[in-house]
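Let's walk through this protein together, one piece at a time. Keep the picture open while you read.

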Amino acid sequence: MDKERLRQQMKGSPKTKRLLDWLIMNQRDARPRWYVRLMAPLYQHRGSHSKIYGSVRMDTPPYRRFSLGRYSVIESFSCINNAVGDIIIGDHTRIGLHNTIIGPVTIGSHVNLAQGITVTALNHNIQDATRRIDEQGVSTKAVTIEDDVWIGAHAVILPGVTIGRHAVVAAGAVVTKDVPANTLVGGVPAKIIKSLTS
């Protein structure tokens, strides 16, 4: 049975879904249980010559995809979380120290993320003022970072953003809108500073 068919069956059975979610995810810690993490090498895809440092927090339950391309690296003290959406990372890409990536996120090849960057496709729902925020669930909008992108230290990439090929995001920028290819953006919120084609 393929994974997508299984996912559809799970959606049709909320009770079974809750039970499996409880068995897989530690509800207090919001991460896979220790015995699931032990099996991670069996269900994560890691390309040849890729490396994930031992201090990386890999919150990657088996019901979502995680794929790291060839010769790509996830450096120390980063957190990778695909609990609400797949994370796909291309070839020859470097995820720097202390980065946080919360799916669904697709990162292309030859991408460099400096230190302390947050890339998140997740938001907490806040529409109902009569209910606590933690009762309202979450929503996601996929983030896409295309090939040959450089993101400076401590930048924040918010849900729904696409960063075009050969773009640069300046250190400390907060990216709330799409970044066109071949541009340098910076600031809070990030704005186009210049074109990189001339």
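What about aromatic rings pairing with each other? That would take rings of Phe, Tyr and Trp (its six-membered ring) with centres within 6.5 Å, where planes under 30 degrees apart count as stacked, over 60 as edge-to-face and the rest as tilted. A search of the whole structure turns up zero aromatic pairs.

A word on what you're looking at: this is a predicted model, in which local features need pLDDT of at least 70 and side-chain atom pairs count only at pLDDT 80 or more, while totals for chains, interfaces and linings use all residues. Residues are numbered from 1 along each chain as its sequence is written, and side-chain values use heavy atoms, with hydrogens and water left out.

Now zoom out. The protein has four helices and 24 strands; here helices (H or I, at least four residues) and strands (E, at least two) are DSSP runs, numbered from the N terminus. Its C-alpha trace spans about 55 × 50 × 30 Å along the principal axes. For 198 residues, a compact globule would have a radius of gyration near 16 Å, and the protein's 18 Å agrees with that. That radius is taken over C-alpha atoms, and the globule rule is 2.2 Å times the number of residues to the power 0.38.

How much of the protein is buried? Buried residues make up 40% of the 198, where buried means under 20% relative accessible area, exposed over 50%, and partly exposed in between (1.4 Å probe, protein chains only).

On to the sheets. Two strands pair if DSSP finds at least two bridges between them. Look at the β3 end: β3 pairs with β6 (residues 66-68) in the parallel sense over two bridges, and arginine 46 has leucine 68 as its bridge partner in β6.

Another open sheet of six strands has the order β5-β8-β11-β14-β19-β22, again with parallel pairing. Here β5 (57-59) and β22 (174-175) are at the edges with a single partner each, so one side of each is left without a neighbour in the sheet. Two bridges join β19 (residues 156-157) to β22, and these strands run parallel. Isoleucine 157 stands opposite valine 175 in β22.

Valine 105 is in strand β12 (residues 105-107), and it counts as buried because its relative accessibility is 0%. Leaving aside neighbours within four places in sequence, valine 105 is in contact (heavy atoms within 4.5 Å) with Asp86, Ile87, Ile88, Val119, Ala121 and Val143. Threonine 60, in the loop between β5 and β6, is buried too, at 1% relative accessibility. Not counting residues up to four places away in sequence, threonine 60 touches Pro32, Tyr43, Gln44, Phe66, Ile80 and Asn82.

Where do you find cis peptide bonds? One runs from glycine 103 to proline 104, with omega near 5 degrees, and that proline is in the loop between β11 (100-102) and β12. Another joins valine 188 and proline 189, with omega about -5 degrees.

Proline 189 takes us to the loop between β23 and β24. Four bridges join β23 (residues 183-186) to β24, and these two run antiparallel, with valine 185 opposite isoleucine 192. The hairpin has four residues between the strands, and glycine 187 takes a positive phi near 100 degrees there. β24 (residues 191-195) is hardly covered: of its five residues, the count of buried ones is zero.

Finally, asparagine 182 has a positive phi of about 60 degrees although it is not a glycine. Asparagine 182 lies in the loop between β22 and β23 and is partly exposed, with a relative accessible area of 26%.
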